[in-house]
Every structure is written in C-alpha cells, then in structure tokens.
Amino acid sequence: MVVIDGSQGEGGGQILRSSLALSLVTGLAFRIEKIRSSRKKPGLMRQHLTAVEAAAAVGRAEVQGAGIGSQQLVFAPTAIKPGNYHFAVGTAGSCTLVLQTVLPALLIADTRSELVLEGGTHNPYAPPFDFLARAFLPLIERMGPRVSAILQRPGFYPAGGGRFTVTVDPAAGLRRIDIPERGAIRNLAARAMVARLPRQIGERELKVVRDRLGWSEEWCHVIEADWSPGPGNFLCVEIVSEHCAEVFSGFGERGVSAEKVAKDTVKLVEEYLSANVPVGPYLADQLLLPMALAGGGSFRTLAPTLHLTTNAEVIRRFLPVEVEMLKRAPNDWEVRLENKTRT
Ligand code: AMP
C-alpha cells in the first residue's frame with residue numbers, strides 16, 4: 001500500500017486528488033494521512049468528498065475514512081469502469097476538480113464515458129471551466145484521446161448550481177507531447193462574464209484589459225450569464241499561440257473593484273507574455289500527471305510553483321518517473337518528465 005503524507009509540500013487538496021487519480025490508473029491502493037493539513041479548514045470538504053466518491057465509483061473502490069472533516073483515508077480500487085456518471089458536489093465547491101480526479105483513468109479506459117458534473121464551475125483556486133475547455137483539454141487531445149466539454153450553466157461561489165458535461169473517447173495509450181516553444185500568437189480574447197450583476201462590471205474589467213494590454217475592442221466581450229443561479233463575475237483572458245493556449249482568470253469579489261480584479265489578471269498575463277514560455281503556472285502542475293501516464297513529456301514554463309513540485313513528488317510515489325526542472329532564467333524553466341524504466 002502506498003502511504004501518502006497529505007501535509008507535504010503544498011499540503012492541499014491536490015495531493016489527495018492526484019493520489020486518487022494515480023491509484024485508479026495504477027491499481028495501487030493507498031493510505032493518505034494529514035489530508036489538507038496546511039489549509040484553514042483541514043480534512044475533506046464537500047468538494048473533496050465528491051472527488052473521493054467519484055473516484056470510488058469509477059474504480060469500484062473500497063474506501064475507509066470518507067467523511068466530512070476526515071484527515072485520513074484508505075482507497076483500494078478494483079477495476080476501472082468507464083460509462084455514464086453524474087457527480088454533484090452539492091455546494092459551490094469546484095466540480096472541475098472532481099473531473100481532474102477521474103479524467104486520467106477515463107482517458108485510458110476501454111470505452112467511452114459521458115459525465116455530468118455539478119457544483120462550482122468558476123471558482124478561485126480551481127481550474128475555471130474556460131481554462132479546462134480551452135487550455136487543458138486541447139493538450140490532452142494532442143496526447144490521443146478525444147474529450148469534449150460543454151458548459152450548460154456557470155456556477156459561482158456561494159450559490160453554486162453550475163453544470164457541465166464531458167464526453168471522453170479514450171485512447172489505448174497516451175502519446176508523449178513536448179512543448180518547448182510558444183510560437184507565434186494566433187488569437188487573443190478577453191471575456192468578462194457577469195451573472196445577475198450589472199453588465200457595467202464586465203465593461204470596466206475589459207477597459208482595464210484594453211488600456212493595459214493595448215488590446216482592441218473586438219477581442220473583448222461581455223457575457224451576461226443570468227441563467228446561472230449567481231451572482232458571479234469571472235474575467236477570462238485567453239492567449240492562443242501556435243503550440244499552446246493559455247487562459248488566465250480573475251474572479252469578482254464583494255468589496256473588490258472590477259478594476260482591481262482586472263489589474264491582477266492582467267499582471268498574470270504580462271508575466272506570462274514577457275517570460276515567452278508556452279505553459280503557464282496552473283497548466284504546468286496539471287500537465288504533469290497526464291505526461292506521467294504517457295511515459296514522458298516536457299515543457300517550458302515559469303518558475304515552478306509549490307503545486308508543481310508537490311505534484312511531482314506524489315506522482316513519483318505511484319509511477320516510475322523522474323521529473324527534472326531546469327532553470328534557464330528566473331522565469332523560464334524546462335520541466336522534463338521521463339519514465340525511469342525506459343532505456
Ligand atoms: P489545491 O489548491 O491543492 O486544491 O489545487 C488547486 C488546483 O487548481 C491546482 O491544480 C491548480 O493548478 C488549479 N488552479 C488554481 N487556480 C487556477 C486558475 N486560475 N486556473 C487554472 N487552474 C487553477
């Protein structure tokens with residue numbers, strides 16, 4: 001049994017989700033202790049429990065310790081069962097993170113899966129739906145599987161109520177990808193989503209994007225998403241380059257001006273553009289696990305985050321891979337993942 005220390009490195013929910021995903025793909029049982037011990041409310045929250053339940057359903061697993069607040073869990077999968085699943089977080093907790101947990105196993109399963117996911121679709125500290133659909137999944141598709149995701153209703157904190165569907169057509173094995181360069185920029189877009197809030201919030205955010213990045217009006221759009229239970233506001237800045245697409249996000253918050261939300265998002269975009277690397281900080285930690293399944297891969301990215309280094313540690317516990325991170329400049333790193341068993 002693999003034993004995982006949930007307090008290592010970043011000490012958050014990713015250690016649990018990656019362990020669940022890796023347990024499903026390797027068939028190895030694991031025990032995790034000190035779950036999310038670095039968070040204000042440690043242990044399993046509703047969103048993490050849904051991820052555990054989703055992984056247990058897909059892997060027909062035996063589970064001990066799956067309760068709200070639990071800081072220890074034992075998970076033993078038996079067999080991967082692709083198929084039709086409906087996973088609902090039940091709160092505004094992120095349902096994209098639930099997908100992140102079960103997707104790796106479904107990518108290499110033997111038949112198609114169709115998923116319905118409900119909860120928060122646009123949450124801070126989690127991949128927003130737009131990032132998933134436009135940055136992450138296109139790279140997964142380059143590895144072989146076909147994955148399509150459709151947003152039916154955005155869900156924001158605190159109301160939740162978001163919903164999206166995902167269809168996964170698996171591949172027999174994942175193909176290695178290498179992303180050394182960004183290449184020429186092909187498309188730029190900024191979208192400000194407002195749900196049950198004044199349209200003007202989105203317009204103010206897009207004005208900051210135009211003023212600071214020098215973008216033109218026709219690249220910027222407000223989306224009024226009043227079919228969300230809302231309220232909510234989400235700013236999404238998309239940079240599509242020859243070899244990679246990236247999505248940077250900002251989230252409206254009570255007491256924080258639209259201008260501040262947009263300025264913070266623009267800062268992330270400027271940092272990414274000036275580093276001249278293809279892969280941004282969030283994509284970097286999320287690409288590692290599929291690359292491990294592919295037996296290797298590489299990319300250039302910004303300075304490694306604690307999420308990236310921690311995820312590399314967790315992956316090494318389940319799979320015979322080596323992850324190298326080589327500094328070329330302060331904000332230009334090469335991350336290489338290789339299968340140790342290969343000659
Ligand atoms: P944790 O904090 O351990 O629950 O993990 C959060 C996960 O969400 C990590 O995989 C992050 O890369 C991802 N994430 C957080 N914020 C964003 C964002 N703005 N865009 C994309 N992914 C994100």
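1. In this predicted model, the side chain of Gln-286 places an N or O atom 3.0 Å from an oxygen atom of the ligand. The protein covers 93% of the ligand's own accessible area of 510 Å².

2. An N or O atom in the side chain of Arg-17 is 2.9 Å from a ligand oxygen atom. For Arg-39, a polar side-chain atom lies 2.9 Å from an oxygen atom of the ligand.

3. The shell around the ligand holds 17 residues. Gln-14, Arg-17, Arg-39, Asp-285 and His-307 are the closest. By type, the shell has seven nonpolar, six polar and four charged residues. Three helices each give at least two of its residues: α1 (13–26), α3 (96–107) and α7 (281–293).

4. Tyr-157 and Pro-158 are joined by a cis bond, with omega about 5 degrees. Pro-158 sits in the loop between β7 (146–153) and β8 (162–169). Gly-230 to Pro-231 is also cis, with omega near 0 degrees. The loop here runs between β11 (220–224) and β12 (232–241), and Pro-231 lies in it. Most peptide bonds are trans.

5. Next, backbone phi. Most residues other than glycine have a negative phi. Lys-34 has a positive phi, near 55 degrees. Its loop connects β2 (30–33) and α2 (46–58). Lys-34 counts as partly exposed because its relative accessibility is 47%.

6. Tyr-125 has a positive phi too, near 65 degrees. Tyr-125 is in the loop between β6 (113–119) and α4 (129–142). Is Tyr-125 buried or exposed? At 83% relative accessibility, Tyr-125 is exposed.

Definitions and conventions: Residues are numbered from 1 along each chain as its sequence is written. This is a predicted model: local features need pLDDT of at least 70, side-chain atom pairs count only at pLDDT 80 or more; totals for chains, interfaces and linings use all residues. Side-chain values use heavy atoms; hydrogens and water are left out. A residue is near a molecule or strand if one of its heavy atoms lies within 4 Å of it. A polar contact is a pair of N or O atoms within 3.5 Å; within protein, one must be able to donate a hydrogen and the other to accept it, and residues adjacent in sequence count only if both atoms are side-chain atoms. Accessible areas come from the Shrake-Rupley method with a 1.4 Å probe; for residues, only the protein chains shown count as cover. Helices (H or I, at least four residues) and strands (E, at least two) are DSSP runs, numbered from the N terminus. Ala, Val, Leu, Ile, Met, Phe, Trp, Tyr, Cys and Pro count as nonpolar, Asp, Glu, Lys and Arg as charged, and the others, Gly among them, as polar. Buried means under 20% relative accessible area, exposed over 50%, partly exposed in between (1.4 Å probe, protein chains only).
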